[in-house]
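Q: Could we go through this model together? Please start with a strand pairing.

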Amino acid sequence: MRLALGPLRTARALHSPLSGTMTNERNIVIIGGGIIGCTTAYYLTRHPSFSPSSTKITVLEASRNGVAQGASGKAGGLVASWAFPRELVDISFAEHVKLAEENGGAARWGWRYTNCGSWEGRGAADGEGIAKSGENGGRASTGLPDDLDWVGGDLTTAYSPIAGHKASAQVHPYLFTSGMMDLAKEKGAELIKGKAVNINKDGGRVTGVTYQESDEAQTKTIPATHVVLAAGPWTPSLEPSVPISTTFGCSITIRPKPSVTISPYVLFTEIQLPESDSFGKARVVSPEIYTRPDNEVYASGHGSVPLLPDNIDDVPVSDEDCNRIFSYVASISQELREGTIERRQGCFRPVVSTGGGPIIGEAGKIAKGLYIATGHTCWGICNAPGTAKALAELIFEGKIKCGRLDKLAPNETGKMAEQIRRLSRCWSVDVQVHEARTGVNRRLEHVLQSPYFPHNMKSLLEQTSHHAAICAILLNDCSANQYLAMNGSSGMAEVEVG
Ligand SMILES: Cc1cc2nc3c(=O)[nH]c(=O)nc-3n(C[C@H](O)[C@H](O)[C@H](O)COP(=O)(O)OP(=O)(O)OC[C@H]3O[C@@H](n4cnc5c(N)ncnc54)[C@H](O)[C@@H]3O)c2cc1C
């Protein structure tokens, strides 16, 4: 455990006594032990300029239970070459492949390529049997692949694959995040279970981080030449000017019967439930289903939204919402219906409230040496390696060399928000998309085909290269949804989701 030093002692230790300029010594404090913080610690320790004798890396994590207790441990784990933003995905996808190869990712964090597609159909009622896929014919006409044999073939209306061979992969997000931290520790990084309560600054530079260890009233200070703020949804509690808000998601994991093997698929579903709503309208829900190499099945959806608690350990879980997700996925799969729920979980994902994002880079206007890395919405698992590699270059070399991420720099986010506001003002088409009977993909095609839909926004959405990907963005309540909903009365798209 490092000694806690006061700010004066810190300044003396880090400045050359003769010239007053900074020495090469670096004290890097990362606030947040989610996937962004832990992967950043890993990439810093693997940078060619890293030496444990001159660089100290500390990850501060507020949870009593260690790293990956939030979205980073409770996400689906999809890693997609068709995710967004393009420039970050291009770095991240290749890095995921490399990380898995170099560190035995298949065994260590469940890395594998997977199939990914959107599935549309109806859910069977409770007492109704779900015919094994294909028994009553009709597979070819729906596009259902032969090995996707754990969803009811007769319930399927349409299946369409998203992207091609090796374009989608997956990790187990908890194992990946904790694996990154363990690998960083092997090279000298340190993890402290403590909550940062202040980022200390002096003369326009960061000087340290004051934190409180779990269950201790007293605070301590770690000196810092560089602070990486990767506190996800909690980022504004330390720097209120960073435009981060949050959305909530619930999820469950299901263990099928031991005799059952579930083939590798990530499905974005659209299930018409057997029962109608109170107005007699069909109800369509959209849980996502991820099968994992150890035969665990993860399913996520929406539920009642709690307030963000002060500490990640107090995020509530609604049994009712989790049971509802189970009933949705159980309505299309006999194999899942016969499985048991192993985990019920809820978590918040960080969203850039002004649109776009994530925010990656030095926030020099707040303080030199302060780096922001958050707002990854529904693609933080996918985009963590690119974020971390970029930060390591920025910290050690003064600039990002692995790609062009200028648009994501903290000082750019305000500009981007203004651009989006301007675009959405021009968009006067009234897109009321309450009709849950129409498929999400079709609704989006309708939106995209509108001649009034702003060209720039269209190309932004098209960067995801597939409508089902756009559908995924919307289902995750992410930036696209914000863009679409931005201009209230004149341009509005509301998508009813699970
Ligand atoms: C249901 C769901 C499914 C998802 N599926 C996918 C997917 O398939 N693929 C994908 O790419 N992305 C997915 N995501 C998104 C992804 O999970 C997030 O983008 C990502 O986990 C965000 O990581 P983070 O490190 O920024 O935040 P977090 O995981 O929230 O980590 C932030 C950490 O900071 C800590 N912290 C906060 N304040 C302090 C403080 N003051 N001091 C010290 N520590 C602090 C918190 O305790 C927390 O551990 C999903 C998200 C959800 C909700």
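A: D202 stands opposite R205 in β9. The model is a predicted one, in which local features need pLDDT of at least 70, side-chain atom pairs count only at pLDDT 80 or more, and totals for chains, interfaces and linings use all residues. Residues are numbered from 1 along each chain as its sequence is written.

Q: How do β8 and β9 pair, and over how many bridges?
A: β8 and β9 (residues 205-213) pair in the antiparallel sense over 8 bridges. Two strands pair if DSSP finds at least two bridges between them, and strands are DSSP runs of E with at least two residues, while helices are runs of H or I with at least four, each numbered from the N terminus.

Q: And the turn, what is there?
A: β8 and β9 form a hairpin with 2 residues between them. G203 in the turn has a positive phi of about 60°.

Q: In which sense does β8 pair with β2?
A: β2 and β8 pair in the parallel sense, over 4 bridges. Here V59 stands opposite L191 in β8.

Q: Changing topic: which residues come nearest to the ligand?
A: G32, G34, G232, G249 and G380 come nearest, of 42 residues around the ligand. A residue is near if its C-beta atom, placed from the backbone, lies within 6 Å of the molecule.

Q: Why does the ligand lie between domain 1 and domain 2?
A: Domain 1 (7-75 + 173-243 + 354-414) and domain 2 (112-167 + 245-352) both give residues to the shell around the ligand, so the ligand lies between them. The domain bounds come from an automatic or database domain assignment.
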